[in-house]
Amino acid sequence: MSEKQETLQIILDTAEKIFADYCDKTLLDEAERGDFPHRLWQQVSQNGFDRLGAPNSGTDAQDMYALIKQSGRFAVPLPLAETLLVNRWCDYGEGIFSIGVIEEGQIVDVPWGRVADKVLGVSQNSGLVAVVDSPQVVQQSTNLAGDPRDSVVLPADTPFIEVAPDPMTQLAAARCNQMAGSAEAILALGLQFANERIQFGRPIAKFQAIQHSLAVVAAEVAAASRSADAAVDDLSSDRFLFEVAAAKSRVGEAVTIIAEQVHQVHGAMGFTHEHRLHHYSRRAWAWRDEYGNEFYWQGVLGAHLAGLGADHAWQFIATRG
Amino acid sequence: MLQFDRVSLDADTEALRDKVRTFLAANKAHFPRPNSDFSSGHDPEFSRKLGEQGWIGMSWPKAYGGSEQSFFERYVVTEELLSAGAPVSAHWIADRQSGPLLLRYGTEAQRQAYLPAITRGESYFSIGMSEPDTGSDLASVRTMAVKEGDQYRINGTKIWTTDAHRNHFIVCLVRTEPAGENRHAGLSQIIVDLQNDGVQIKPIANMSGSEDFNEVVFEDVMVPADRVVGEPGKGWVQVTSELAYERSGPERFLSAFRVFVELVRACGQQPSPHEAAAIGRIASHIMTLRRMSISVAGMLQKDKDVVVEAALVKELGNNFEKVLPEIARLAAPMAARNSAFRRSFEQTLLLSPSFTLRGGTREILRGVIARGLGLR
């Protein structure tokens with residue numbers, strides 16, 4: 001391992017310990033009821049996990065996205081991906097920052113807009129990003145995972161900054177990594193449950209039907225993880241848009257299969273609110289649709305390939321390892 | 001748990017890619033075929049040309065005709081050949097499977113005898129595993145090889161043997177001892193000369209109409225005892241490792257690639273949203289699969305155990321090879337109905353049932369993965 005890889009591993013291990021300690025079922029339920037987990041945020045902030053990948057932080061975008069993937073493994077109910085991206089773009093330092101989409105005088109779908117010190121607003125195919133200080137929340141809402149998605153006012157005199165590469169694509173890459181992380185968590189729950197649940201006198205893991213179902217899940221988890229990593233290999237490359245397009249589509253397809261199969265393995269227990277499985281599966285489902293669903297990104301990638309022409313399609317696909 | 005590391009191909013490997021593309025451009029007469037299936041384009045002249053380039057047995061020692069290149073370099077050559085639809089089936093099994101088997105388990109004399117001709121693209125091998133009553137349950141093979149002095153007498157039947165009627169040798173999994181309590185014991189691998197040892201070869205037409213696979217009958221076929229590969233009786237370990245190591249290559253996800261190329265052509269440069277999405281969806285899968293395959297090449301390069309990872313690539317890749325033509329079928333414009341697209345689609349579809357059978361069925365692979373997950 002290189003020194004860079006070792007440093008990252010230490011960060012990820014520390015994050016894993018904190019996330020595992022804090023993100024238990026109780027905290028996830030509280031967050032779903034709208035209680036912001038301030039003590040968890042303090043831990044994140046004290047360890048500098050809100051500035052990974054920021055300018056002069058000694059870490060880069062790959063490290064940031066690796067942490068975002070790690071947060072997906074624990075369904076971390078914070079605007080962590082958003083705060084990280086805001087600090088990467090603007091480096092505000094301490095504070096809770098979030099990002100949403102500009103829509104008719106508002107910024108909508110803002111994770112935890114209600115507690116954010118600043119809210120940034122992005123638009124499709126635009127590098128211009130609105131910066132709203134002390135945002136005023138007009139509506140509190142949630143996505144299908146019960147994660148806060150608020151609407152805030154976009155004042156007429158809001159300043160805009162320029163962000164490159166395309167900010168929405170960077171957000172889509174974050175969702176790819178969050179999904180890939182949750183996919184791993186869902187598989188782990190499926191394996192644990194299958195080994196523990198006894199039916200017909202033996203663990204259901206011993207039944208071939210269950211084994212094959214989880215084998216399919218494992219294959220999709222591996223694909224999701226590799227694909228999410230590839231999306232963020234190089235943000236400065238002119239391929240970044242298309243690598244994210246491939247990943248958002250591929251990872252979205254993967255988590256659809258993963259969530260469905262692992263819920264089936266869990267039977268009725270996984271359908272209860274008391275079980276923790278839905279904290280991961282609902283997030284994975286919701287993230288598929290945030291910042292472009294599979295069809296949208298397939299279209300972006302496909303239109304580009306068609307433009308290159310049939311005899312150049314392979315060259316494009318095989319250009320980078 | 002499941003680690004598919006980021007691996008990037010280095011500049012030397014990419015330079016080799018350019019060389020392969022130049023070579024392919026200069027040899028266009030040999031392809032493209034309507035499909036990019038590794039087992040259905042037998043072209044000895046093309047194989048010999050690849051041999052001249054040093055692209056067969058690439059990772060093998062120079063002493064045996066190899067060029068001691070990395071798994072990454074081999075990866076790049078194979079994916080370039082397959083994606084272009086080049087005819088590679090003549091030398092494919094010898095290069096991928098039989099040669100590496102001899103390198104791992106063969107005697108020095110066997111390596112000297114067989115490997116250089118393989119690397120020249122002149123000597124082709126078939127796989128002798130399945131039998132009429134033996135498919136996925138490989139340990140149930142009944143073909144017997146009985147030692148008589150310095151020879152073995154072989155009796156039995158192998159089936160689904162691709163290109164046995166065109167190739168030179170077959171590596172057969174046989175019983176050298178009767179089946180006992182441990183059904184994995186008493187198996188051996190033995191090389192039989194398909195053209196000179198007196199085997200009977202009966203081509204079997206497949207549902208696509210071509211005759212690529214065969215039934216191979218052994219009636220008192222006598223071969224010298226030094227044709228046994230590895231230790232007699234230890235064939236099971238050899239054959240399972242042989243299968244495990246050869247499951248993650250680009251032939252496990254590129255068999256239907258030409259359908260994709262023809263789809264892109266048929267859709268034109270300004271596709272409808274549905275057409276664009278179909279193209280993008282297919283591309284997203286291939287981009288991911290090749291990175292996973294390259295990750296496994298990286299593990300092979302570091303001599304790591306790849307059994308589960310290779311099975312995962314094959315599981316995903318083979319399933320996708322079957323889905324690809326279906327996505328393309330529904331997206332292709334009406335104008336494509338009488339075109340290169342249709343030829344490519346139909347040929348690939350007719351071959352597609354074999355994709356999830358050869359090299360270990362989907363069901364066997366899922367069992368391998370489940371074992372890796374600690375479920376059995």
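A polar contact is a pair of N or O atoms within 3.5 Å; within protein, one atom must be able to donate a hydrogen and the other to accept it. By that rule, 16 residue pairs are in polar contact between chain B and chain A, both residues being at pLDDT 80 or more. The model is predicted.

**The contact between chain B and chain A**

- Chain B brings 53 residues to the contact, and chain A brings 52 residues.
- Together the two chains bury about 4300 Å². Carbon and sulfur atoms account for 64% of that area.
- Three residues stand out on chain B: Arg6(B), Arg291(B) and Leu375(B). They supply 20% of the area that chain B buries against chain A, more than any other three residues.

**Charged and polar links**

- Four salt bridges are counted between chain B and chain A.
- Glu243(A) forms a salt bridge with Arg291(B). Their closest N and O atoms are 3.0 Å apart.

**The side of chain B that touches chain A**

- Six helices of chain B, namely α1 (11-26), α3 (71-83), α7 (257-267), α8 (273-301), α9 and α11, each supply at least two residues of this side.
- Helix α8(B) gives the most, with 18 residues.
- By type, the residues on this side divide into 26 nonpolar, twelve polar and 15 charged.

**Helix α11 of chain B**

- This helix runs over residues 362-372 of chain B.
- Its buried residues are Leu365(B), Arg366(B), Gly367(B), Val368(B), Ile369(B) and Ala370(B).
- What covers the buried residues of α11(B) comes from both chains. The cover includes α7 (208-231) of chain A and α9 (307-331) of chain B.
- After α11(B) comes Gly374(B), which has a positive phi, near 80°.

**Arg282 of chain A**

- Arg282(A) sits in helix α9 of chain A, residues 277-289.
- Its relative accessibility is 15%. Buried means under 20%, so Arg282(A) counts as buried.
- Beyond its neighbours within four places in sequence, Arg282(A) is in contact with Glu32(A), Leu144(A), Ala145(A), Gly146(A) and His273(A).
- With one of these residues, Glu32(A), the side chain of Arg282(A) makes a polar contact of 2.9 Å.
- Ala218(A) is 64 residues away from Arg282(A) in sequence. In space, the two are 19 Å apart, C-alpha to C-alpha.

Definitions and conventions:
Residues numbered from 1 in each chain as written. Chains lettered and ligands numbered in written order. Predicted model: local features only at pLDDT ≥ 70, side-chain atom pairs only at ≥ 80, totals over all residues. Heavy atoms only, no water. Buried < 20%, exposed > 50% of the residue type's maximum accessible area, 1.4 Å probe, protein only. Helix = DSSP H or I, 4+ residues; strand = E, 2+ residues; numbered from the N terminus. Contact = heavy atoms within 4.5 Å. Buried area = accessible area lost by both parts, 1.4 Å probe. Salt bridge = Lys/Arg side-chain N within 4 Å of Asp/Glu carboxyl O. Nonpolar A, V, L, I, M, F, W, Y, C, P; charged D, E, K, R; others polar.
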